Structure formats: C-alpha cells, structure tokens
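This report describes the pockets of one protein model and the residues that line them. Please keep the sequence and the structure in view while reading.

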Amino acid sequence: MTIELRSAPLVEQELEKLTSKCELLKSKGVTPSMKVILVGQIKASVIYTKNKKKFCERFGADCEIINLDESINEQDFVDAVKKISENKSVHGCFVQLPLPSHLSHIDPGALIDPNKDVDGFHEHNIGELFKGDPKSKFLMPCTPQGVLGTLNYYNFPVEGKNIVIIGRSLIVGKPLALLLLNNNATVTVCHSRTTDLKEHTKRADIIISAVGKPRFLTADYLNENGKQVLVDVGINHDENGKLCGDLDYENLLGRCQAITPVPGGVGPLTILSLAQNLLQAAENSL
Ligand code: NDP
C-alpha cells in the first residue's frame, strides 16, 4: 500500500511551535512583521498572498500585503522594494512572482536585505546554502525546505539515499540539490536535456519532480520494487483546468512506497517555510 504524504499534520504540528516561538519573541518586545509586495492583480498571486497573510496571522505575526500598481515603472518599483526592506520594523519581506513583463528582468531577491529575505533567494543566502555550514542561521529557500521537511516528518531520511530531482530551476531544483547534498544524500539533477531520464528515475530511492507539466511522471519511470518515494513539487492545470501535479498520481498509487498529493502535499509547506524564515529573521534581529 502506498503512503500518502499529506502536509496537513506537519503544518499543524509546526503551527504550535511557531505560535510559542512568536509569543516568546513578543515577550522580548519583537512582533514578527512581514511585508508582501504584490504588483498588479494576477488572480493566482492575489490568492497566494492572501493565504500567506492568513497563515502568518494564525501564529500571531503581522503581515501586510502592499499592492503596487501593475504599471509602476522600474525605478519606482526598485525604490519601493528597497524602502520596505530598509524599514527597521520589518523583519521579512518578499516580492510575489511573477512580475509584469516590463519588470520581469529584475531579480527582486537582490533588492532585499539578505537578513529579511524570507524567500531565501538572495545571493548571500544561496551562498550559505552552498557552503552548507549546519550552524549558519541563514534563510533557506522555501520549497526545498518544505520538501525536506515532508521527508523527515514521514520518516524517510535522505542520508545515503539516491535522490533524483527532475528540474534545475533557481527556486526549486538547484537549491533543493544543495540542501539534500548537505543532508548527505547522493543527488542527481535531471532536466530537459537529460538523455534517458527513465534510466535515472528507475534507480532512485526518492524521485522529486519539479518540471511543471501535468501528470508528466507516469509508471514507466518507476522500477518494479514498489519501494520508491515520490515527491511532487509541480502545480499545474490539466486540459480540463483541474489542478494537478507532475505525477500521474492515480496510476502511481500502489506502485510506490509513498507519494505526495497535489493539492495537499508540498504546496502548503512552502508557506510554512516562509513563516519559519520570518521567525528566524525576527530572532536573528534581536
Ligand atoms: P521551471 O520551468 O523554472 O523549471 C522546470 C524544469 O523542468 C527545468 O529545469 C526544465 O529543464 C525541466 N524540464 C522541463 N521539461 C522536462 C522534461 N521533458 N524532462 C526533464 N526535465 C524537464 O519551473 P519551476 O522550477 O519554477 O517550477 C516547477 C513546477 O513546480 C511548476 O509546476 C511550479 O508551478 C511548481 N512550483 C511549486 C511550488 C510549491 O510551492 N509547491 C513552488 C515553486 C514552483 P531545462 O532547465 O533544461 O529547461
């Protein structure tokens, strides 16, 4: 039988920890405060930012969505982000992606103080991840942190495991590879130019897909032992507009040891990691 790796129990468990950590910070005179910078009104981005705000409020942090006009020019956008980041009462901030096309060449992570970069995209934080010092209190990229959190919570330690990641983006694949490597996994990163992807996925103990194609990973990519663990980072819509991941979920059940669903898998953990980074940033500010 395949175990479903749902995020809800992990989120509930971590919410308790976040609440007591937040109370402790407040008792020291610090109310964790986050600013979310949203440019325009893309429907999905509006929903994502509202969910992030609601989540922060559940454990007692302040969170404000700052909505900039879609037509804002580059200089005004850069100035606005820097001003928010420089505000001493703000502990964490990030820009909700995607940006409108006239701003899409900007790396918003680079505009934000690395100590407040709750997305973990700033070069400083990526550099710390690259170095892999376990004592460093840097802010880690959220989705990779969520993937590792799921595997640990469900008792699938990554140490010594052969892990295949499909996807090499800056926000998922590459930082995830470093994080897993730092946790003593043996990591293979595959991408669109990988020859014979199946050869790689069949010998993996854990497969993590971050491709962005509906039901891309079918049973053909698995081996026959039924012990592989599958993590789906993809958030896609199929031809009928239905939300789905990269994994052909229904047809993989029963063929693997464990699998994350979409929705209800990795997605909510990205928000959890953002919250954990906010409290880490607030703690670091003491
Ligand atoms: P990108 O489009 O930036 O990267 C996709 C990666 O998949 C690329 O590295 C690409 O290779 C690779 N790829 C594409 N086609 C193939 C193929 N046929 N075989 C092997 N590799 C292939 O996407 P993101 O990393 O930003 O996002 C990936 C998915 O994860 C999306 O569905 C996104 O919505 C979701 N996502 C979910 C999050 C969450 O919170 N759960 C957070 C962030 C993203 P190449 O580099 O060669 O082009």
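How many nonpolar, polar and charged residues does the lining of the largest pocket have?

## Basis of the model

The model is predicted, so that local features need pLDDT of at least 70 and side-chain atom pairs count only at pLDDT 80 or more, while totals for chains, interfaces and linings use all residues. Residues are numbered from 1 along each chain as its sequence is written, and side-chain values use heavy atoms, with hydrogens and water left out.

## The largest pocket

The lining of the largest pocket has 25 nonpolar, 15 polar and seven charged residues (Ala, Val, Leu, Ile, Met, Phe, Trp, Tyr, Cys and Pro count as nonpolar, Asp, Glu, Lys and Arg as charged, and the others, Gly among them, as polar). A pocket here is an open set of points on a 1 Å grid over the protein atoms alone, where a 1.4 Å probe fits, with protein on both sides within 12 Å along at least five of seven lines, and lining residues have an atom within 4 Å of a point.

The volume of the largest pocket is about 1400 Å³, a volume being the space filled by probe spheres set on grid points that are joined across faces, edges and corners. Of its 47 lining residues, Tyr48, Lys52, Ile235, Gly267 and Thr270 are the closest to the centre. Because domain 1 (30-102) and domain 2 (142-267) both give residues to the lining, the largest pocket lies between them; the domain bounds come from an automatic or database domain assignment.

## The second largest pocket

The second largest pocket holds about 650 Å³ of space, and among its 27 lining residues Met140, Gln145, Gln276, Asn277 and Gln280 lie nearest its centre. By class, this lining has 10 nonpolar, 12 polar and five charged residues.
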